[in-house]
Amino acid sequence: MGQPTHALTQTDWWRTAVIYQVYVRSFADGDGDGTGDLAGVRARLPYLAELGVDALWFTPWYLSPLKDGGYDVADYRAIDPAFGTLAEAEKLIAEARSYGIRTIVDIVPNHVSDQHPWFRAALNGGPEHELFHFRPGRGAHGELPPNDWRSQFGGPAWTRLPDGDWYLHLFAPEQPDLNWSHPAVRQEHEDILRFWFERSVAGVRIDSAALLVKDSRLPDFVEGRDPHPYVDRDELHDIYRSWRRIADEYDGIFVGEVWLPDTERFARYLRPDELHTAFNFSFLSCPWDADRLRTSIDETLAEHAPVGAPATWVLCNHDVTRTVTRYGREDTAFDFATKAFGTPTDLALGTRRARAAALLSLALPGAVYVYQGEELGLPEADIPRESIEDPMHFRSGGTDPGRDGCRVPLPWVADAPHAGFGGDPWLPQPADWPSYAADRQAQDPASMLTLYRHAIRIRPVFGDSPLTWLPAPDGVLAFTRADGVMCLVNLADTPADLPPHTELLLGSGPLDDQGRLPKDTAVWLRS
Ligand code: GLC
């Protein structure tokens with residue numbers, strides 16, 4: 001158990017991997033202080049091995065004031081003491097490996113914490129000043145920001161210092177952007193990559209990968225003008241080519257966080273000498289609709305094919321609304337712009353669809369990401385306003401609920417305090433959290449956890465062969481992969497007849513009494 005089950009060569013593991021995202025702070029609390037930690041992850045490695053995942057992606061675990069959940073890094077070579085120590089991270093990497101599970105770390109190159117030694121030195125007048133974007137303001141007294149760029153979290157992307165100058169931050173003010181045209185910034189990140197590859201990590205997730213490089217003139221943003229002053233600039237590719245050369249020395253892989261609507265521009269990051277993979281945000285944002293899903297799948301496969309990169313399939317992560325909640329809403333798409341408090345949802349419906357979506361994603365060619373708690377079918381939690389920590393909420397002026405609702409500490413044991421998470425959780429758990437506990441679901445053949453375990457175990461039957469669509473009624477997605485293995489998902493209002501088959505390998509729910517596939521249900525069949 002726990003050994004990789006597919007028969008691919010070691011170096012190709014990432015092409016078909018199931019990768020589990022660990023948000024350390026909320027995964028499991030080993031020391032009882034209410035914050036998840038590395039000890040908690042180590043204690044749960046048998047659970048992850050039993051789930052059958054090939055790799056763990058850890059969101060940033062470095063020293064951080066946690067103004068943006070760890071995406072504000074003060075030292076890339078130290079583990080935050082709330083999580084553990086570097087020695088413990090090394091142990092965790094080795095222990096995970098002994099279960100056949102690889103480790104992916106998260107590098108945040110666009111910005112650092114305002115507590116990072118470089119930024120502190122810059123504020124003290126050191127030469128580190130050149131490593132950031134400081135500018136005088138506009139207006140008669142410099143009282144206006146240097147340009148009109150907006151922070152991704154809302155509000156201006158500039159903050160003024162007591163000395164009158166402004167500095168750029170595409171995210172929170174506690175996350176000053178680095179100046180990527182300075183060679184020391186490049187050198188430092190190459191060293192950080194080596195630092196982690198030397199510690200046997202198998203891969204690196206690159207945060208905000210398309211934002212690093214800015215037009216050095218820092219011009220105002222003009223809608224529709226190419227190139228964009230800070231998104232997807234051509235200079236990025238040179239950076240990632242140099243990173244790739246480093247990764248190749250260690251057989252390491254990259255997964256980029258590249259949110260770009262233009263599929264051709266997106267695919268450029270996946271050329272053979274750049275990043276190995278990137279997250280599929282088109283699939284993640286796609287509504288529960290057969291035509292839209294099919295288009296998203298076709299476009300994904302078409303954009304990856306020319307560069308030879310495998311697709312990734314992602315339903316949720318630590319930034320977006322949890323899948324069962326989203327799929328139970330009237331509008332089942334995900335969009336940051338439309339997030340609101342109190343959007344009604346039907347969780348039974350959402351859960352049925354999420355189960356079907358799990359079988360769909362796990363049957364598609366490429367790698368699949370599972371965000372912690374997705375395998376438990378956790379819904380998005382309503383966080384009381386006074387407990388919200390996410391800067392996205394505050395910088396929206398309090399209208400955006402923020403991302404804490406998908407970051408609630410996990411329920412492990414139904415009958416234990418705090419659902420077995422550990423100490424009193426840093427974010428409150430909803431009252432019904434124990435009903436989702438992993439120990440209870442492990443005993444229940446109809447649970448989401450059992451479905452994920454079975455699906456991940458059976459998934460190698462699809463091999464790495466391409467997808468072929470099969471004829472199917474309107475609203476039904478049907479395709480075959482390896483010889484005779486089929487996946488069918490019914491999104492139509494009426495039950496669908498199954499094609500001739502010899503074996504039903506797995507279903508997301510029962511067939512109806514006439515052996516048909518009900519609405520919002522998926523099956524894997526052998527012909
Ligand atoms: C990425 C992360 C997100 C973070 C942001 C700034 O989008 O996924 O959580 O807030 O980058 O680092």
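In this predicted model, the ligand is surrounded by 14 residues, of which D68, D207, E257, H318 and D319 are the closest. Sorted by class, that shell consists of seven charged, four polar and three nonpolar residues. The space that the ligand takes up is the largest pocket.

A polar side-chain atom of D319 lies 2.5 Å from an oxygen atom of the ligand, and in the side chain of D68 an N or O atom is found 2.6 Å from a ligand oxygen. For E257, the corresponding distance between an N or O atom of the side chain and an oxygen atom of the ligand is 2.8 Å. Taken on its own, the ligand has 310 Å² of accessible area, and the protein covers 95% of it.

Side chains of opposite charge can pair when their charged atoms come close. A search of the whole structure finds 32 salt bridges, among them the one between R265 and D232, whose closest N and O atoms are 2.7 Å apart. R15 and D12 form another salt bridge, with 3.8 Å between the closest N and O atoms, a separation that qualifies because the cut-off for such a pair is 4 Å.

How exposed are the two partners R15 and D12? R15 counts as partly exposed because its relative accessibility is 29%, a value that lies between the limits of 20% for buried and 50% for exposed residues. D12, with a relative accessible area of 29%, is likewise partly exposed.

Key
Residues are numbered from 1 along each chain as its sequence is written. This is a predicted model: local features need pLDDT of at least 70, side-chain atom pairs count only at pLDDT 80 or more; totals for chains, interfaces and linings use all residues. Side-chain values use heavy atoms; hydrogens and water are left out. A residue is near a molecule or strand if one of its heavy atoms lies within 4 Å of it. A polar contact is a pair of N or O atoms within 3.5 Å; within protein, one must be able to donate a hydrogen and the other to accept it, and residues adjacent in sequence count only if both atoms are side-chain atoms. Accessible areas come from the Shrake-Rupley method with a 1.4 Å probe; for residues, only the protein chains shown count as cover. On a 1 Å grid over the protein atoms alone, a cavity is a set of points where a 1.4 Å probe fits but cannot get out, and a pocket is an open set with protein on both sides within 12 Å along at least five of seven lines; lining residues have an atom within 4 Å of a point. A molecule sits in a cavity or pocket if more than half of its atoms lie within 2 Å of its grid points. Ala, Val, Leu, Ile, Met, Phe, Trp, Tyr, Cys and Pro count as nonpolar, Asp, Glu, Lys and Arg as charged, and the others, Gly among them, as polar. A salt bridge is a side-chain nitrogen of Lys or Arg within 4 Å of a carboxyl oxygen of Asp or Glu. Buried means under 20% relative accessible area, exposed over 50%, partly exposed in between (1.4 Å probe, protein chains only).
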